Amino acid sequence: MSVTYLALEIRRVLRSPRFMIFTVAFPVLLYLLYVGLWGKDPATKAVLMVNLTSFGAMAAGLFTGTRVAIERQAGWQRQLRLTPLSGGGYLAGKAATGMTLALAPVILVPLVGKVVEGVGLDSAGWLRVTLGVWLAALPFALIGLLIGQIGTADSTQPITQLVMLPMALIGGIFIPIDSMPQWLLNIAHVLPSYWLTQVGRGGVTTDLSTSLGRDALVLAAWTVVLSVAVIRRYRKDSARV
Amino acid sequence: MNLAGLRKHYGEVRAVDGVDLTIAPGEVVALLGPNGAGKSTTVDMLLGLTRPDAGAVTVFGRKPSDAVAHGAIGAMLQGGALLDDATVGEMAGLVASLHRKPLPVAEALRRAGIGDLADRRGNKLSGGQKQRVRFAVALVSDPDLLVLDEPTSAMDVGSRREFWRSMQAYTDTGRTVLFATHYLEEAEEYADRVVLMRAGRIVADGSVAQVRALAGGRTLRAVVPGVTEPAVAGLPCVTEYQVRGTRIAVSSRDSDKTLRALLDAFPTAHDIEIAAIGLEGAFLSLTADEEPVR
């Protein structure tokens with residue numbers, strides 16, 4: 001993976017207005033809206049901050065991966081296969097792009113939380129909400145890559161929405177997990193978005209929190225499974241054309 | 001570059017059905033054939049993009065993927081292959097950065113005749129400009145073998161001519177080029193050698209003149225005072241003839257021999273014209289045949 005490659009990828013995404021809206025403006029605005037609606041006390045403000053940070057990181061990962069479909073269809077992927085860039089290098093570059101762009105919401109939403117909404121955390125808490133959530137977003141960059149390799153330029157949008165909605169709703173981002181019945185909470189436990197949120201949530205509240213070690217373990221397992229799926233799909237796809 | 005016994009099937013369809021082809025360094029080879037003849041599949045296997053079902057490919061003594069990794073092959077693929085949201089300079093620059101010994105990007109763009117388009121984004125390019133950008137991307141690794149799949153489709157006559165001018169500047173440096181094309185006059189004008197494919201096989205392979213000859217040689221016309229039909233029929237290498245008064249028209253497998261014999265017998269023959277059956281004629285007759293000519 002080369003620096004020029006990564007730099008071009010990031011520059012290209014930054015040119016896309018959709019990216020700026022979805023992963024930069026949307027989580028911040030939504031956070032301000034939610035706080036206005038429900039953020040009566042500092043604890044709720046902090047939990048909402050975690051939820052919207054997680055949402056932004058998730059969206060950034062998913063969104064960059066799905067751009068793969070466009071490149072595949074345009075034949076750019078084939079053109080790159082005629083360079084020394086390996087398939088692994090290509091995929092790693094895409095995932096790294098998603099992760100780099102996920103930095104935007106991971107920095108911005110907590111910043112707004114602290115400066116505008118006055119959320120106060122100890123440094124360990126801030127570290128979990130920022131760095132922790134950022135690292136936990138890796139499975140979503142991989143899911144995005146997988147969608148990008150399965151879908152076409154036209155179908156990746158709806159597929160991404162179809163993945164993102166249940167992840168956000170049942171994973172405890174848009175519906176607070178405290179208000180979920182047990183059966184829904186059981187479903188939530190399967191989703192990586194639940195564990196993503198838990199990483200940050202543990203930094204702001206002890207309510208319904210899980211141990212960081214367990215969060216990390218589940219997310220690492222997701223990362224491994226998704227990596228294998230992405231690589232297998234890439235091999236299959238490139239053998240076919 | 002060597003292809004041996006190459007085969008590729010897609011389900012029941014034999015896209016490439018036993019292709020043997022060796023190209024020496026410095027040759028400029030045109031790959032001709034109707035749609036579905038297996039040109040693109042052959043090119044894909046040569047580039048290592050498609051794995052053959054049987055047979056072997058070596059490029060400069062290496063596997064295609066190794067030759068690609070060493071930057072020895074540059075390729076201009078059919079259609080697409082560009083980004084809408086990146087500039088020409090960025091695309092060529094990226095590909096250059098991935099290779100070990102690339103040309104300077106500005107140099108590659110200049111050679112492709114698009115030195116002034118470096119800041120233009122992919123979605124703002126015309127069809128002909130896109131082709132040139134693809135050419136620049138193929139050139140930028142400074143490859144020894146250039147593979148072009150339909151390089152001048154979507155170009156108008158003027159830009160096609162300009163494209164081939166920049167192409168010739170490149171081949172003059174002794175590089176090897178293989179190009180697939182629909183435009184017979186391009187093959188006629190720019191290739192040292194023509195390889196004709198039909199239904200997954202090579203049906204003719206040789207210089208432009210040889211391939212033409214395979215399809216029936218040349219036509220000789222002349223005004224011959226005192227000519228008789230038996231005299232014309234008796235000329236060597238004649239396949240067909242017409243006599244109208246003193247005017248004759250003869251199809252010949254070897255027009256040189258026919259002409260010499262004609263002049264020996266009728267020294268007063270004049271207004272002599274010898275016309276080649278165009279490559280198009282050869283192309284049509286060779287690819288329409290049920291049985292391969294070779």
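Q: Hi! How many residues does helix α7 of chain A have, and how far does it reach from its first C-alpha to its last?
A: Hello! This is a predicted model, and in it α7 of chain A has 13 residues, 138–150. The helix reaches 19 Å from end to end, close to the 18 Å expected at 1.5 Å a residue.

Q: Nice. Is α7(A) largely enclosed or exposed, and why?
A: Largely enclosed by the rest of the structure, because 12 of its 13 residues are buried.

Q: Which residues of α7(A) are the buried ones?
A: They run from A:Leu138, A:Pro139, A:Phe140, A:Ala141, A:Leu142 and A:Ile143 through A:Gly144, A:Leu145, A:Leu146, A:Ile147, A:Gly148 and A:Gln149.

Q: What share of chain A counts as buried?
A: 49% of its 241 residues. As for contacts between residues at least 6 apart in sequence, 80% join residues at least 24 apart.

Q: Switching topic: how many residues does each chain give to the contact between A and B?
A: Chain A gives 19 residues and chain B gives 24. On the side of chain A, the elements that supply two or more residues are α1 (3–14) and α4 (76–81).

Q: Now chain B. What is the strand order in its 6-stranded sheet?
A: The order is β5-β6-β7-β3-β8-β9, in an open sheet with mixed pairing. From one strand to the next, the twist averages 15°.

Q: Which strands stand at the edges?
A: β5 (73–76) and β9 (201–206) of chain B. Each has a single partner strand, so one side of each is left without a neighbour in the sheet.

Q: How many bridges join β8(B) to β9(B)?
A: There are 5, and the two strands run antiparallel. In that region B:Val194 stands opposite B:Gly206 of β9(B).

Q: Last one: which strands does helix α1 of chain B touch?
A: Helix α1(B), residues 39–46, packs on the sheet and touches β3, β6, β7 and β8 of chain B. Its direction makes about 150° with that of β6(B).

Note on methods
Residues are numbered from 1 along each chain as its sequence is written. Chains are lettered from A and ligands numbered from 1 in the order in which they are written. This is a predicted model: local features need pLDDT of at least 70, side-chain atom pairs count only at pLDDT 80 or more; totals for chains, interfaces and linings use all residues. A residue is buried if 20 or more other C-beta atoms lie within 10 Å of its own, exposed if 12 or fewer, and partly exposed in between; C-beta atoms are placed from the backbone. Two residues are in contact if their C-beta atoms, placed from the backbone, lie within 7 Å. Helices (H or I, at least four residues) and strands (E, at least two) are DSSP runs, numbered from the N terminus. The expected span of a helix is 1.5 Å times one less than its number of residues. Two strands pair if DSSP finds at least two bridges between them. Axes are lines fitted to C-alpha atoms, for helices over the stretch in contact, and angles run from 0 to 180 degrees between N-to-C directions.
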